[in-house]
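Keep the sequence and the 3D view open as you read.

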Amino acid sequence: MTSQAADGPETVAGSRRSKITPEREQEFLDAVLEQVRECGYEAVTMEGVAASTRCSKSTLYRQWKTKPQFVVAALRSRRRSRLVGIDTGSLAGDLREAARAVGRWSTTDTKLLQALGHALTQDEDLARALRETLVDPEIAALREILRRGVERGEVAADHPALEYVPAQMFGVVRARPVVDGEYADPDYLVCFVEAAVLPSLGLT
């Protein structure tokens, strides 16, 4: 299934992309993600984003013809890994630092995932953009951390737990709000790494 218009016209007659600054464009993109987090995907409208950013609705429609296109663009504008650059010299240290980093943004990202909810099952572009933005870069960075640990000889390359570390790390972030009614903050995730992840790899 591809993106369909969610509010307002799919096209603006005779329109073309406005000449707006990159900073102003990012302001629009940040605003739509903030409204998704706070109101839920279904409640977000072009009118609401226009009002919050003090621009005309037609400006947004010239840039992004539908709400799904707008949200997808916003997600992709934030594609980066926040785990890149972690290198303490040991696998245990790197995993602790990764836990702290994940914990710093887990509330924001979990809210976004929860807010998108059902829309992800209905729109393949939206689901793909979310994975490319919030999942793939972090998984790749975490696998790089594990690879370096293997190269240093801290854990065997064929250790069966290596495959499941990303699921452990990111699964607990998604699960804790459901299980405990709280988000997984840095302290919680560091304790989780020390109690569950490191022992599974034979590390202390």
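## Helix 5 against helix 8

Leu95, Ala98, Ala99, Val102, Trp105, Ser106, Asp109, Thr110, Leu113 and Gln114 of helix 5 touch helix 8. Their partners there are Val165, Met169, Phe170, Val173, Arg174 and Pro177. Contact means heavy atoms within 4.5 Å.

The model is predicted: local features need pLDDT of at least 70 and side-chain atom pairs 80 or more, while totals for chains, interfaces and linings use all residues. Residues are numbered from 1 along each chain as its sequence is written, and side-chain values use heavy atoms, without hydrogens or water.

## Along helix 5

Helices here are DSSP runs (H or I, at least four residues), numbered from the N terminus. Helix 5 bends by about 55° at Ser106. The bend is the angle between axes fitted to the seven residues ending there and the seven starting there.

Look at the start of helix 5. A side-chain oxygen of Ser90 comes within 3.0 Å of the backbone nitrogen of Gly93. Just after the helix, Gly117 has a positive phi of about 35°.

## Helix 5 against helix 1

Helix 1 (residues 22–39) packs on helix 5 (residues 91–116) at an angle of about 75°, with axes 8 Å apart. Leu33, Val36, Arg37 and Glu38 of helix 1 meet Thr108, Lys111, Leu112, Ala115 and Leu116 of helix 5.

Technical notes. Axes fitted to C-alpha atoms, helices over the stretch in contact; angles between N-to-C directions. Helix = DSSP H or I, 4+ residues; strand = E, 2+ residues; numbered from the N terminus. Polar contact = N/O pair within 3.5 Å; in protein donor to acceptor, adjacent residues only side chain to side chain.
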